[in-house]
Number of protein chains: 2
Amino acid sequence: MTLLLKKDEVAQLINMKNVISAVEEAYRAFSSDKVEQPAYIGIHLPSQRGEIDFKLGYYKPAEIISMKAHSGGFTNNPADHGVPNSMGAILLFDARSGALICIMDGSLVTGLRTGAAGAVSVKALARKNARKITSIGTGNQARMQIRAICEIVEIDEIYAWSRTPEMLSKYKMDIEREFGIPVIITRSKQEAVQQADILITATSGKGEPVKADWVKPGTHIVAIGTDQRGKQELDPELFRNAKIIVDSLSQCTEKGETWHPLDKKVITQADIHGEIGDVLLGRKPGRESDDEITIFDSTGMAIQDNTTASKIYQSAIANGVGTSFRFFE
Amino acid sequence: MTLLLKKDEVAQLINMKNVISAVEEAYRAFSSDKVEQPAYIGIHLPSQRGEIDFKLGYYKPAEIISMKAHSGGFTNNPADHGVPNSMGAILLFDARSGALICIMDGSLVTGLRTGAAGAVSVKALARKNARKITSIGTGNQARMQIRAICEIVEIDEIYAWSRTPEMLSKYKMDIEREFGIPVIITRSKQEAVQQADILITATSGKGEPVKADWVKPGTHIVAIGTDQRGKQELDPELFRNAKIIVDSLSQCTEKGETWHPLDKKVITQADIHGEIGDVLLGRKPGRESDDEITIFDSTGMAIQDNTTASKIYQSAIANGVGTSFRFFE
């Protein structure tokens with residue numbers, strides 16, 4: 001039997017606290033060789049359409065193989081096809097038998113586990129007294145970061161910046177209503193960045209990068225937007241004296257934010273402190289002083305989908321949610 | 001809405017004639033740049049278990065992206081988990097929107113489209129008066145080859161050989177009952193091969209290879225079993241003076257039967273006549289005399305799954321078969 005889970009069921013079965021613990025588990029597992037995670041496959045479609053990515057992960061201790069198909073960038077979808085511009089499905093296989101045990105809508109999981117990634121890094125790397133957040137970017141993922149970081153620290157105020165003034169005011173209205181946290185709209189990106197205890201960059205990676213001298217000592221940077229070549233959110237100079245922590249060494253040096261300072265020879269591979277899994281496992285120190293700048297470069301990994309979707313599946317089984325379907329007798 | 005199709009519905013929605021035409025379409029499309037087919041991803045599990053492969057294909061003219069997850073080699077499945085040792089699922093996406101339009105049981109499609117591959121090659125490459133088939137191997141795929149080739153030529157008799165005598169007598173009984181074609185069990189593999197107008201090799205690729213001097217002039221060879229390194233069914237010497245046709249140049253030279261004579265320097269890449277798609281498109285000649293030995297090396301391609309599954313999906317829509325499921329509102 002295969003369990004089918006709709007989007008609203010997925011939403012009901014998981015909360016951000018659980019996603020954060022799933023992502024922590026994923027990072028620990030990834031850095032202890034408990035994971036097989038082949039390079040993902042992307043099919044890029046002609047313009048006006050986006051791409052469909054297929055991301056596979058095998059989490060050995062749980063014996064679960066996940067496959068996430070995720071489409072994005074189909075800008076004409078709502079008008080032309082009456083469907084969202086981004087959709088997804090996640091398949092879970094029992095690795096003991098190869099059986100397909102679950103198919104769930106995957107449109108929420110990517111956003112949730114990426115939000116949780118930022119929160120995990122805040123827990124491990126931000127100053128304990130960090131209270132002021134700066135958000136560069138005001139879209140879905142920028143909001144998800146707030147939703148997740150809220151679970152970890154008490155946020156006093158959020159400084160926000162976006163190139164689009166309407167987006168900024170909508171962000172302010174939405175965040176103040178949902179979280180009751182005051183949002184301060186600054187006149188420049190620089191002004192917003194200068195306030196940050198925790199700096200989130202969650203843009204499309206096409207704007208002017210955050211300058212190194214805007215960032216005050218002790219800031220923790222959550223670099224979310226850059227997950228492929230051609231995107232950039234941070235001045236490579238920022239990496240020169242920062243403590244650099246990545247989700248995956250191979251991905252971040254290949255196509256994450258960390259690629260830029262490597263490419264510009266501002267740093268070498270040896271200057272990367274390590275993977276966040278190493279910090280969580282206690283193999284490498286996290287933040288060591290209130291003055292250091294820490295950068296967490298998140299490119300996103302299949303194993304985050306795996307552990308998050310597994311938690312959703314387990315919760316569905318425990319609560320009798322979903323539709324069982326028998327593909328064969 | 002996503003259409004769900006069970007195994008028995010899939011069986012009812014497709015016949016071998018349609019699979020043969022789907023595979024012909026796949027080969028033509030593949031050899032005319034109408035296909036995107038990334039290298040597949042396999043997750044290999046510890047012993048007593050097999051592997052799960054994920055094969056992706058994008059058929060541009062139809063705007064369909066397919067993803068087949070296929071498990072095999074889980075020998076303890078029936079006893080330990082009450083499920084078959086091989087299972088599968090195929091997902092179809094509308095490439096215009098990225099929407100997941102269909103999820104079907106995939107356990108039948110691989111066998112059917114591989115059977116059809118042999119039949120397509122027989123149509124294009126065997127002598128018109130070919131009537132005697134030799135089958136090296138008596139398993140599921142060896143039977144599927146007969147089922148498919150039946151649609152193309154009138155078979156007078158089948159010479160069969162297997163290392164396991166019980167398999168041989170079961171094969172004889174089953175084939176004679178199902179197709180009414182006499183099956184002759186020979187005393188040796190050589191004796192079986194010497195009879196062939198059409199020689200099918202559909203074994204696990206671990207037995208003694210078919211010797212070059214056993215094969216009479218004019219034979220068409222359907223080489224099915226070798227789809228990865230470590231498998232072999234034919235003496236590399238057989239390739240020296242044969243017309244070599246492959247399903248995919250890149251796959252066959254990398255891990256098909258054709259890899260062996262290349263590795264042994266019996267042939268060079270230039271000695272490969274071409275892809276079967278080129279023959280079907282009329283860009284390259286097929287058989288040019290009644291004396292030549294033709295070899296078709298089939299490694300199997302995602303695009304065969306794509307066009308076959310698309311036909312099943314279209315037939316389901318036309319006949320109102322299947323279960324519609326709404327993963328999101």
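Predicted model: local features only at pLDDT ≥ 70, side-chain atom pairs only at ≥ 80, totals over all residues.
How are helix 5 of chain B and helix 6 of chain B oriented to each other?

1. Helix 5 (residues 140-149) and helix 6 (residues 165-179) of chain B have axes that come within 12 Å and cross at roughly 25 degrees. Angles under 35 degrees count as roughly parallel, and helix 5 of chain B and helix 6 of chain B are therefore roughly parallel to each other. Their crossing is right-handed.

2. On the helix 5 side of this pair in chain B, the residues in contact are B:Ala142, B:Arg143, B:Ile146 and B:Arg147. Helix 6 of chain B meets them with B:Lys170, B:Tyr171, B:Asp174, B:Ile175, B:Glu178 and B:Phe179.

3. For helix 2 (residues 16-30) and helix 11 (residues 302-319) of chain B, the axes come within 8 Å and cross at roughly 135 degrees. Helix 2 of chain B and helix 11 of chain B are therefore oblique to each other, and the crossing is right-handed. Among the contacting residues are B:Val19, B:Ala22 and B:Tyr27 of helix 2 of chain B and B:Ile303 and B:Thr307 of helix 11 of chain B.

4. The largest nonpolar core has 64 residues, of which B:Leu5 and B:Met104 touch the most other members. Helix 4 (residues 109-125) of chain B gives the most to this core, namely nine residues. Domain 1 (2-110 + 303-325) and domain 2 (114-300) of chain B each supply at least three residues to this core.

5. Beyond its neighbours within four places in sequence, B:Leu5 has contacts that include A:Phe327, B:Met104, B:Ile312 and B:Val321. A second, separate core holds 63 residues, including A:Ala26, A:Val35, A:Ile64 and A:Ala117.

Methods. Residues numbered from 1 in each chain as written. Chains lettered and ligands numbered in written order. Heavy atoms only, no water. Core = buried A, V, L, I, M, F, W, Y, C linked by side-chain atoms within 4.5 Å. Buried < 20%, exposed > 50% of the residue type's maximum accessible area, 1.4 Å probe, protein only. Helix = DSSP H or I, 4+ residues; strand = E, 2+ residues; numbered from the N terminus. Domains from an automatic or database assignment. Contact = heavy atoms within 4.5 Å. Axes fitted to C-alpha atoms, helices over the stretch in contact; angles between N-to-C directions. Parallel < 35°, antiparallel > 145°, perpendicular 65-115°, else oblique. Left-handed = near helix turned anticlockwise from the far one by under 90°.
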